[in-house]
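This report reads one structure from its coordinates. Please keep the sequence and the model at hand.

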Amino acid sequence: MSRPLHRGATGIRISGNSNDLWDSQMKDKTEKEDMDRNRSSDQSYLALKFPFRVLYPDNNSPSKYVNCENGFASDPFSVGSPRSRHKLTLLLLKLSLAVIVVLALTGSFWWTISISTLSRGQILHTYRVLQEQLVSDLWDIGELSLGSSRLHELEFCSQESEIYVPCFNASENLALGYSDGSENDRHCGQSSRQSCTVLPPVNYRIPLHWPTGRDIIWVANVRLTAQEVLSSGSLTKRMMMLDEEQISFRSVSPMFDSVEDYSHQIAEMIGLRNESNFVQAGVRTILDIGCGYGSFGAHLFSKQLLTMCIANYEPSGSQVQLTLERGLPAMIGSFTSNQLPYPSLSFDMLHCARCGVDWDQKGGIFLIEADRVLKPGGYFVWTSPLTTARNKENQKSWNFVRDFAENLCWEMLSQQDETVLWKKTSKKSCYGSRKPGAGPPTCSKAHDVESPYYRPLQRCIAGTQSPRWIPIQERTTWPSRSRLNKSELTLYGLHPADFREDAENWKTTLTNYWSVLSPIIFSDHPKRPGEEDPSPPYNMARNVLDMNAHFGGFNSALLEAGKSVWVMNVVPTGGPNYLPLILDRGFVGALHDWCEPFPTYPRSYDLVHAEGLLSLQIRQQRRCTMLDLFTEVDRLLRPEGWVILRDTAPLVESARRLTTRLKWDARVIEIENNSDDRLLICQKPFLKRQGVSF
């Protein structure tokens with residue numbers, strides 16, 4: 001905590017009787033001569049004698065003080081002869097020196113014993129706790145230094161911020177010099193941070209529980225008009241019904257051509273009987289580019305396939321916001337100038353149905369990026385009217401895409417109507433067997449990295465240098481895939497025992513979380529004596545954000561416990577990059593710097609989890625405050641959503657104090673058998689613009 005500042009008190013004068021001083025100097029001549037002879041020795045020990053005079057005052061003589069030139073008071077030690085005073089001082093010095101030596105030897109002895117008995121880990125742990133306490137205190141001091149304006153409850157953002165996503169401001173980016181499409185990209189600066197809380201629309205309603213919420217959403221929760229529905233693609237229109245309050249998705253209606261027929265067609269093009277066999281073919285994760293309203297992923301979820309939707313930022317929300325509202329994975333992302341926030345070889349299938357990406361532009365660089373995130377043996381599905389075009393311009397575009405895909409070592413397996421399906425090579429030797437100058441080269445090791453955060457698009461084929469180059473047909477199928485075997489763990493430098501221990505710890509932790517949440521959720525419903533607290537409903541949360549995902553253990557524990565959720569596993573850029581491991585387990589996630597806003601719309605998640613994130617953040621160069629971080633969490637969280645934060649006691653206490661400014665209901669809970677960590681459970685209230693709960 002902050003300490004009082006001590007300042008030197010120069011100019012303090014302590015007055016005494018000056019006549020006594022002059023009287024004491026008027027001794028007989030003999031004594032004066034003795035003093036003259038010993039003047040040099042008296043001066044040498046006078047400075048050392050003063051401290052002991054303070055500790056051991058002479059009770060038999062009155063204190064006599066003189067005002068010195070520097071403003072501090074000094075004592076002439078007038079009692080006794082100089083020789084006797086000299087001997088007494090030397091004696092005190094010897095005794096003090098002996099005590100100091102004994103204390104030093106004793107302290108050194110006990111320090112040696114403690115070092116030998118304490119493990120290095122315990123010493124480092126103690127140091128870490130002290131460091132975090134210091135940083136927590138500095139954090140508090142930093143907040144206080146910002147003045148009273150930052151100490152009260154945060155104000156509400158303007159109504160225009162209801163679906164605002166920071167870092168996407170085309171006009172501001174143009175002024176900064178971005179052009180050629182990059183002005184629509186994500187560019188974060190100091191102005192991207194908000195110091196206000198985002199409120200929901202006036203008629204906002206809590207989304208319906210899964211799986212009902214997958215097919216029915218509230219119109220007031222998204223900015224989607226009837227005109228936007230009518231102007232959308234024919235496939236989307238046939239799967240939507242819009243009334244005054246609800247949007248219904250008829251993905252399995254027998255009256256219309258459905259997404260079920262479409263996915264069945266893709267399975268047959270691969271050579272499978274139907275979409276239920278995708279898992280047996282090695283497909284688990286799909287990147288759906290320009291996903292519309294998420295109906296493709298909604299249907300495949302029942303087949304144990306996990307589809308991540310990415311689409312451009314749209315001021316009206318539209319694709320990504322509506323997909324998240326349905327309880328499906330989605331985030332803002334685009335093929336413009338930077339690589340996607342995923343490592344190489346991330347997904348088993350890429351899907352683009354009239355996704356709006358001009359694959360033939362910029363010399364095929366967007367196709368190179370698609371190849372980068374596609375696993376060996378994976379599939380690229382493209383549905384576009386260009387594939388059946390008859391005019392010369394469109395035929396030229398189609399021919400370019402087809403030839404470029406061949407130079408990427410993609411094999412065209414089938415074409416049916418507007419849909420074309422390619423399979424990426426599973427053999428690295430294919431790239432060396434191409435004709436000289438045919439297609440982009442393979443990346444060097446320096447350019448083939450697995451942390452592509454804000455990296456420009458590359459014009460070389462990535463992933464060939466990675467030890468993770470394993471065809472999807474040779475990987476263990478889902479759900480066994482989530483439990484990586486020994487040889488797979490070796491790729492990430494992990495020992496099987498450590499991985500198993502992490503999994504068991506998360507199972508226990510999840511059980512503890514639910515036991516803590518149960519009485520809190522049902523605290524308004526009194527129970528009879530002897531009754532146990534009911535468990536939270538399995539579908540109380542659908543969209544889950546793990547802000548510091550580690551190995552994806554929280555995600556795995558939720559699925560093994562039968563929770564009907566999907567988890568956005570975020571790996572902070574300032575920590576170890578385990579995102580390749582998470583994606584290879586069959587989960588979804590992204591790299592992110594938590595000093596920047598996350599690329600998604602407000603009210604995206606029902607539950608936000610962060611274990612050890614604050615400790616990780618304070619070890620990095622501090623570019624943002626804890627308030628910045630929690631304001632962003634508030635933006636991402638839905639009304640009545642939950643936050644579970646686990647960290648060291650000092651940091652959790654600092655976080656708890658901040659929650660009052662966000663109007664969250666927060667409780668700090670001690671963790672059994674762990675004296676250092678604490679659990680912070682928070683719930684975001686349902687507020688309207690006047691600041692009154694619904």
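## Confidence

This is a predicted model. The pLDDT averages 80 over the chain, and 72% of the residues reach at least 70. Two stretches call for care. Residues 37-79 have pLDDT below 50. That stretch still makes 47 contacts in the model beyond near neighbours in sequence. Residues 144-150 also fall below 50, with six contacts beyond near neighbours in sequence. Where pLDDT is low, the coordinates should not be read in detail.

## Helix α14: length and ends

Helix α14 covers residues 392-407, 16 residues in total. At 1.5 Å a residue it should span 22 Å, and its end C-alpha atoms lie 22 Å apart, so expectation and model agree.

The N-terminal end of α14 is capped by N391. A side-chain oxygen of N391 sits 3.3 Å from the backbone nitrogen of E393. Just after the helix, C409 adopts a positive phi of about 65 degrees.

Which residues of α14 are buried? They are S397, W398, V401, F404 and A405. Viewed down the axis of α14, the buried residues fall within an arc of 135 degrees, so they line one face of the helix. The helical repeat gives the background: with 3.6 residues a turn, residues three or four places apart point the same way.

What covers this buried side? The cover includes α13 (365-373) and β12 (374-383), along with β13 (410-416) and β14 (419-424). The face turned away from the buried side carries exposed residues: K392, K396 and E406.

## Disulfide C157-C196

The structure holds seven disulfides. One of them joins C157 and C196, with the sulfur atoms 2.0 Å apart. Its S-S torsion is about 100 degrees, so this disulfide is right-handed. The bond links distant parts of the chain, 39 residues apart. C157 sits in the loop between β3 (155-156) and α6 (170-175), while C196 is in strand β4 (residues 196-197).

Are these two cysteines buried or exposed? C157 has 3% relative accessibility and counts as buried. C196 is at 18%, and the cut-off for buried is under 20%, so C196 is buried too.

## Disulfide C291-C309

C291 and C309 form another disulfide, their sulfur atoms 1.8 Å apart. The torsion about the S-S bond is about -45 degrees, so this disulfide is left-handed. C291 lies in the loop between β8 (285-289) and α11 (295-301), and C309 in strand β9 (residues 306-311). The pair therefore ties together parts 18 residues apart in sequence. Both C291 and C309 are buried.

## Disulfide C595-C624

A further disulfide pairs C595 with C624, at a sulfur separation of 2.1 Å. Its torsion is about -65 degrees, so this disulfide is left-handed. Here each cysteine lies in a loop. C595 is between β17 (588-592) and β18 (605-611), and C624 is between α20 (613-618) and α21 (626-636). The pair thus ties together parts 29 residues apart in sequence.

C595 is buried, with a relative accessible area of 12%. C624, at 9% relative accessibility, also counts as buried.

Key:
Residues are numbered from 1 along each chain as its sequence is written. Side-chain values use heavy atoms; hydrogens and water are left out. Helices (H or I, at least four residues) and strands (E, at least two) are DSSP runs, numbered from the N terminus. The expected span of a helix is 1.5 Å times one less than its number of residues. Buried means under 20% relative accessible area, exposed over 50%, partly exposed in between (1.4 Å probe, protein chains only). The arc is that of the directions from the helix axis to the C-beta atoms. Contact means heavy atoms within 4.5 Å. A polar contact is a pair of N or O atoms within 3.5 Å; within protein, one must be able to donate a hydrogen and the other to accept it, and residues adjacent in sequence count only if both atoms are side-chain atoms. A disulfide is a pair of cysteine sulfur atoms within 2.5 Å. pLDDT is the predictor's confidence in each residue, from 0 to 100.
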